Amino acid sequence: MESKFKKLKEEAIMALKAVKDKIDLESLENKILGRKSGELTDLMKELKDMNAEAKKAVGQIANEVKKEIESALEQKKRELSESDWQKSLAKEKIDITAPSLPPFERGHFHPNTIVQRDLEDLFSSMGFLILDGPELESEYYNFTAVNIPVDHPARDSQDSFYIKNHPNWLMRTQTSSVQVRAMQKYGAPLRMISPGKCFRNEATDVRHEHTFYQLEGVVIDENINFGHMKGVLEIVAKHLYGKDTEVRLRPKFYPFVEPGVNGEVTCFLCKGKGCRLCKETGWLEILGAGMIHPNVLREGDVDSKKYQGFAFGFGLTRLAMLKYGIDDIRLLESGDIRFLKQF
Ligand code: DAH
């Protein structure tokens, strides 16, 4: 009898160890302790047929076995009702005497971004859309659509980063690539700017870098003329360098405009007298512009008889360099934190 109880205890403890969830636990509990047909209950019932002496001895063991099984069941119950996060929380300790982490350093914008955002604000106040364009561009949008002939030297792989085994794809060399994309998407009339990164296969030095920023602009409507263009460019120049700043436009050939100009502003350092910054000329060259060539309007599905427009491209990197007196363009893309922290 005694050994029956001990065997039952061992079996019960073994079975309990294997239990994984509450349902199994409940049925095991029933199987052992169930009032009607629990294994232990049945064994206890057999006690009453024994003589008083034996009943006393075995009864004591039986009670111990029962207690042990019950407490093992209780413990298993507790284990199963603790969820995983409670378990890991119980293990976690917080050491309130540990020294605190160093404070987070606040980030800030890159000088190019500061200049870009400032101009985005100005242009959106004049009703311009601000558009993005892909940096990985097709030869069509980068060159063909903006009237750059097939044999133009700018298309040369010495100037452009073409994609290996994909001769019609390159890293855009100018934000002018967004002009025809914008016309095709929004049609005329149109007022938009598109700032962004451009890439050229340059030998780098203090004034040349393979990656730089431009800001393109397009205005198309009925009866748009050269005077509108100069007016907009003057607003930008005065915004950047003060109300006494003047704009000087001189003829320059760009395939996508006719006539085309390069745009200079009064040197903000010497106010036009001539200094080291403007190389004694009194003027700083910051943009290209012109009246949009009809071929470009046509590529953009804009009726070139009904609509005219002007386009301009600012050297955004150049504007940032002028604003902050940066004399080596390579610093801007260097990722050197000592340089960037100054802005
Ligand atoms: N895309 C020209 C460049 O990279 C800049 C430019 C000139 C843009 C004249 C224009 C423009 O929109 O009309 O040098």
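A polar side-chain atom of glutamate 216 lies 2.6 Å from an oxygen atom of the ligand in this predicted model. This counts as a polar contact (a pair of N or O atoms within 3.5 Å; within protein, one must be able to donate a hydrogen and the other to accept it, and residues adjacent in sequence count only if both atoms are side-chain atoms). Arginine 200 places a polar side-chain atom 2.9 Å from an oxygen atom of the ligand. In the side chain of serine 176, an N or O atom is 2.9 Å from a nitrogen atom of the ligand. On its own, the ligand has 360 Å² of accessible area, and the protein covers 90% of it. Areas come from the Shrake-Rupley method with a 1.4 Å probe; for residues, only the protein chains shown count as cover.

The ligand is surrounded by 15 residues (one heavy atom within 4 Å of it). The closest are Gln174, Ser176, Arg200, Gln214 and Glu216. The shell holds 6 nonpolar, 7 polar and 2 charged residues. Here Ala, Val, Leu, Ile, Met, Phe, Trp, Tyr, Cys and Pro count as nonpolar, Asp, Glu, Lys and Arg as charged, and the others, Gly among them, as polar. Strand 6 (211–221), strand 9 (283–292) and strand 10 (308–315) each give two or more residues to this shell. Helices (H or I, at least four residues) and strands (E, at least two) are DSSP runs, numbered from the N terminus.

Strand 6 is mostly covered, with 10 of its 11 residues buried. Buried means under 20% relative accessible area, exposed over 50%, partly exposed in between (1.4 Å probe, protein chains only). Strand 6 runs antiparallel to strand 5 (residues 190–199), joined by 10 bridges. Two strands pair if DSSP finds at least two bridges between them. Proline 195 stands opposite leucine 215 in strand 6. Strand 6 also runs antiparallel to strand 10, through 8 bridges. There, glutamate 216 stands opposite glycine 313.

Helix 8 (residues 177–186) has Ser177, Val178, Gln179, Val180, Ala182 and Met183 as its buried residues.

The chain is divided into domain 1 (2–91) and domain 2 (111–340), with bounds from an automatic or database domain assignment. Their C-alpha centres lie 84 Å apart.

Residues are numbered from 1 along each chain as its sequence is written. In this predicted model, local features need pLDDT of at least 70, side-chain atom pairs count only at pLDDT 80 or more, totals for chains, interfaces and linings use all residues, and side-chain values use heavy atoms, with hydrogens and water left out.
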